[in-house]
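Let's take a friendly walk through this model, chain by chain and interface by interface. Please have the coordinates open as you read.

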Amino acid sequence: MTDRAALFEYLLRLGDSTLILGHRVSEWCGHAPALEEDIALANTALDLIGQTQMWLGLAGEVEGAGRSADDLAMLRDVWEFRNLLLVEQPNGDYGKTILRQCLFDAFHFELLTELTHARDDRIAGIAAKALKEVTYHLDRSSETVIGLGDGTEESNARLQAALDLLWPYVGEMFAADAVDAAMHKSGIAPDLAVLRSRFDTRIDAILTEATLTKPDSAYAQSGGKTGFRHSEHLGHMLTQMQWLQRAYPGATW
Amino acid sequence: MKHEWPLWEVFIRGQHGLNHRHVGSLHAPDAEHALRNARDVYTRRNEGVSIWVVEARHITASSPSDKGPLYEPSESKVYRHPTFFDIPDEAGHM
Amino acid sequence: MYAQMVTSEATQDDPDKLAAFQARIDAGDKIEPKDWMPEGYRKTLIRQIGQHAHSEIVGQLPEGNWITRAPTLERKAILLAKVQDEAGHGLYLYGAAETLGVSRDELTEMLLDGRMKYSSIFNYPTLTWADMGAVGWLVDGAAIMNQVPLQRTSYGPYSRAMIRICKEESFHQRQGYHIMMKMAQGTPAQKKMAQDALNRFWYPSLMMFGPSDTDSVHSAQSMKWKIKMNTNDELRQKFVDQTVPQAQYLGLSVPDETLRWNDEKGGYDFAEPDWSEFYDVIKGNGPCNTERLAARNKAWDDGAWVREGLMAHAEKKRAARMAAE
């Protein structure tokens, strides 16, 4: 793999994860448990969509084939997506949504913190802007997980069920492959093993305060960020997200 | 079990170093959540740099019948306002 | 217009107080929450502001229907921001209503069990992307007609909420018209889609202002109290006069063969909407009444454990803090 191909892959991973999670979170708009939560979720989704525009825009530039961020978002099929499996999981109840958010935010925060030192000004710049947004996302999602975990018997049970369901998707965030290794070598991406230990420290503290029990299985699903095997959910999401661009090829909106 | 999240009043200090100003209200289970909600609800357009939240029931408001005694005395102290003083143009900007 | 056919409450108060109150309103004073006010004024306002707030909240649904299908990342962000604003506007309005001694949860429950209404317009389906254009252009356009004058309403908290809402809404109608422009200048299929959206939303938009109320005692009382600033017909006329040239600019035709410029009145003559359809929608028989209320009920019911969970946690924290002191 050339350096450019690896960088393109890496940028797709960043942009596809924010795209797919932003899309999932936007599905809540108009349906959240309280008006304040509705508005807050929309802010998170808007931040993630904005980050997607930057990451995929840069990916298109790096690829050099004339594809825009919109082309990449709207005109690729499932196997060409490089997002984490975690973010394509359906929203479920609010507990599952907020726990998915918290797990991703805790990873995202550490990753972006490191990417602000990337040996590529474009990447460092995007990371610096995104980090400000994600610092707040993490604050909000972790406090909500704590509030619901340590809330009523029902809210605790729902959060625990969400954690059990989503935990197998945590490992993929930190599983380094050839792309990660190449990016690490060229001074762009951090060592994922280091991120994992910081992630664990933070998540352990949140879960303790939330009176939730971390599943003791280390089993990790994989296939999202490599694109080798996504879940069935992604295809259904794409049929919605890409509908207009696919049904009216070449139209501008 | 059913109780509504308490009502909070939100005060925001904008970009220009002015005082905190009342912007509206919202509901939240506690002060920390109220602050976050205020950030999400009332600063969507970059409106503020500092937020205060106060639970509405802790605010003591003057009653309308006090309006006279509380505010009218200051109406007669026109010298508190700069336009009270007639300064000739020759004196320059003041 | 998001509050339709609000009946005013009869008021039985001390005539001297009533006269003094009316004098304040006539003098352009703002009425504030702790001021004396006639019971009818208070109740009418709760009904009107509540209905307006409910309309914002239910109004999230028809546009929310397209957030996940927006054609570009930018359109998606703009639409999401707009629908989010509607939630915010509902929140400001509930806040204004709460100063009158009713809680947001009480108002919400009245919406959910059908005791309170929301605007008829949100019971129509959004079928194509062009509907996002039509809703922004026509529905927000009609709403603004009413909201701009309401910034001067006599009730302070309502007036302040409307000022904030008008400021934020300024981009809503423009984004809708922008979508229509893109489509009207687009492929033949897009242009057809735009015309189809105008055809479906024209009359429901005219209905938003409510039936003629020139002879309505309720409206007369509300106008005297300055919680209604114009008659329904005035606003409807203004809306048509403003919108027809905009449609012409797009190269789209307003679905009204009787539409003519009337030099004498300096406005358009136009066909009335089918008012029997309006009453059907108000009674609950519109194309989407069932879905809209079901969606709001589901969000409320599914969210109960979340609201209670966070509240329980807050109480535990408070108790722990007090024990530590």
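What share of the 94 residues in chain B is buried? Buried residues make up 31% of chain B, where buried means under 20% relative accessible area, exposed over 50%, and partly exposed in between, with a 1.4 Å probe and protein chains only.

Before going further, a word on conventions. This is a predicted model, in which local features need pLDDT of at least 70 and side-chain atom pairs count only at pLDDT 80 or more, while totals for chains, interfaces and linings use all residues. Residues are numbered from 1 along each chain as its sequence is written, chains are lettered from A and ligands numbered from 1 in the order in which they are written, and side-chain values use heavy atoms, with hydrogens and water left out.

**Chain B**

Chain B has 2 helices and 3 strands; these are DSSP runs numbered from the N terminus, with helices (H or I) of at least four residues and strands (E) of at least two. Read from the N terminus, the order of elements is β-β-α-β-α. Among the contacts in chain B with a separation of 6 or more, 43% join residues 24 or more positions apart, a contact being heavy atoms within 4.5 Å.

**Two interfaces**

Chain C touches both chain A and chain B. The table sets out the values for each pair. Buried area there is the accessible area (1.4 Å probe) that two parts lose on being put together, summed over both.

| Pair | Residues in contact | Buried area | Share on carbon and sulfur |
|---|---|---|---|
| Chain C and chain A | 45 residues from chain C, 49 residues from chain A | about 3900 Å² | 68% |
| Chain B and chain C | 25 residues from chain B, 26 residues from chain C | about 2200 Å² | 48% |

C:R104 and A:E36 form a salt bridge, with their closest N and O atoms 2.6 Å apart.

There are also 15 residue pairs in polar contact between chain C and chain A, both partners at pLDDT 80 or more. A polar contact is a pair of N or O atoms within 3.5 Å; within protein, one must be able to donate a hydrogen and the other to accept it, and residues adjacent in sequence count only if both atoms are side-chain atoms.

Which elements of chain C supply at least two residues each to the side that touches chain A? They are helix 3 (60-64), helix 4 (73-98), helix 7 (156-184), helix 8 (188-207) and helix 12 (289-324). Helix 4 of chain C gives the most, with 14 residues. By class, this side of chain C has 24 nonpolar, 11 polar and 10 charged residues. Here Ala, Val, Leu, Ile, Met, Phe, Trp, Tyr, Cys and Pro count as nonpolar, Asp, Glu, Lys and Arg as charged, and the others, Gly among them, as polar.

Now for chain B and chain C, which have 4 salt bridges between them. C:K317 forms a salt bridge with B:E32, the closest N and O atoms being 3.3 Å apart. Strand 2 (21-27) and helix 1 (31-42) of chain B each supply at least two residues to the side that touches chain C. That side of chain B has 11 nonpolar, 6 polar and 8 charged residues.

**Some buried residues**

C:E168 sits in helix 7 of chain C and is buried, at 3% relative accessibility. The side chain of C:E168 makes a polar contact with the side chain of C:H89 at 2.9 Å. Apart from neighbours within four places in sequence, C:E168 is in contact with B:R44, B:R45, B:E47, C:D85, C:H89 and C:Y92.

A:S141 lies in helix 6 (residues 121-149) of chain A and is buried, with a relative accessible area of 2%.

**Cysteines**

The structure holds 0 disulfides over all chains, a disulfide being a pair of cysteine sulfur atoms within 2.5 Å. A:C29 is buried at 6% relative accessible area, and C:C288 counts as buried at 7%.

Notes:
A salt bridge is a side-chain nitrogen of Lys or Arg within 4 Å of a carboxyl oxygen of Asp or Glu.
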